[in-house]
Amino acid sequence: ALVPTPTDVRFRSLTFYRDVDAIVRPSVLQNWNRSYVRYNQTGRLSMRCEFVLTENQEKEMLAGKNTMLTPPTYKTKILLRFCPFELSCEQSDKVPYLESVHVNDLAIPIPYNLAFKAGKKLMSSPSYPFDLTSRCDLRVGRVNRLTVAWSQDFRSSNQFVFQVSLARQTR
């Protein structure tokens, strides 16, 4: 797995969440596989990284756990966020042309409008984070593997940043 390259990019605060802690600090979304396939000026890129929860992060998760529901729900979530690589000001969430997101080899649903098919962007990207909570191993010291695959338009120089954070729902 590639070690993420941290940046000084700052994400804007989310409306319905309060940041508790950073699990993976804002890092450049970069291709770990040098042998990507190129289609009509676009290429499929992928990135892998691993993260573990600390004891305090696990306690925060368990403090808001609702076991009355099956599966259990949590007031504190593990969120994956993306934004453009821009250092001049705080950045709003913006998602690259995602092909897949997996945590521990389990797929995270991507809304159809984010799909990048045959070199065409179908719709604009959303401005919300991806909830990884249900796919993560929430025990201290357990390794969670994040894999992101996306398509990049080589005619554009847009780079993206990702972050994995712990955030508590405010509503």
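Trainee: Leaving aside its neighbours within four places in sequence, which residues is valine 9 in contact with?

Mentor: Please keep in mind throughout that this is a predicted model. Once the neighbours within four places in sequence are set aside, the contacts of valine 9 are Pro26, Cys83, Pro84, Phe85, Glu86, Leu87, Gln91 and Val161. Valine 9 itself is found in the loop between β1 (5-6) and β2, and the C-alpha atoms of valine 9 and glutamine 91, although 82 residues apart along the chain, are separated by 7.5 Å.

Trainee: Is valine 9 buried or exposed?

Mentor: Burial is judged from relative accessible area, with under 20% as the cut-off. Valine 9 has a value of 4%, and is therefore buried.

Trainee: How much confidence does the predictor place in the chain, and which elements have the lowest and highest mean pLDDT?

Mentor: The protein chain has a mean pLDDT of 80, with 77% of its residues reaching 70 or more. Among the elements, strand β3 (residues 38-39) has the lowest mean, 41, while strand β7 (residues 76-84) has the highest, 93. Over residues 34-41 the pLDDT stays under 50, and for this stretch the model has 13 contacts beyond four places in sequence.

Trainee: What does the secondary structure come to, and what part of the contacts joins residues at least 24 apart?

Mentor: The protein chain comes to one helix and 14 strands. Taking contacts between residues at least 6 apart in sequence, 77% join residues at least 24 apart. Of the 171 residues, 40% count as buried, and the accessible surface comes to about 9900 Å², of which 49% belongs to carbon and sulfur atoms.

Trainee: Which residues have the most contacts inside the largest nonpolar core?

Mentor: That core has 29 residues, and those with the most contacts inside it are Ile78, Leu80, Phe82, Leu132, Leu146, Phe162 and Val164. The elements giving two or more residues to this core are β2 (17-28), β4 (42-51), β7, β8 (97-103), β13 (144-153) and β14 (160-169). Leucine 80 shows how such a residue is placed: beyond its neighbours within four places in sequence, leucine 80 is in contact with Val101, Pro129, Phe130, Leu132, Leu146, Phe162, Gln163 and Val164.

Trainee: How many aromatic pairs does the structure hold, and how is such a pair described?

Mentor: In general, the distance of the centres and the angle of the planes describe a pair of aromatic rings. The structure holds one aromatic pair. It is formed by phenylalanine 82 and phenylalanine 130, whose ring centres are 6.2 Å apart and whose planes lie at 85 degrees, so the pair is edge-to-face. The pair links distant parts of the chain, since phenylalanine 82 is in strand β7 and phenylalanine 130 in strand β12 (residues 130-131), 48 residues apart. Both phenylalanine 82 and phenylalanine 130 are buried.

Terms used: Residues numbered from 1 in each chain as written. Predicted model: local features only at pLDDT ≥ 70, side-chain atom pairs only at ≥ 80, totals over all residues. Heavy atoms only, no water. pLDDT = per-residue confidence, 0-100. Helix = DSSP H or I, 4+ residues; strand = E, 2+ residues; numbered from the N terminus. Contact = heavy atoms within 4.5 Å. Core = buried A, V, L, I, M, F, W, Y, C linked by side-chain atoms within 4.5 Å. Buried < 20%, exposed > 50% of the residue type's maximum accessible area, 1.4 Å probe, protein only. Phe/Tyr/Trp six-rings, centres within 6.5 Å; stacked < 30°, edge-to-face > 60°. Areas by Shrake-Rupley, 256 points an atom, 1.4 Å probe, with all protein chains shown as cover.
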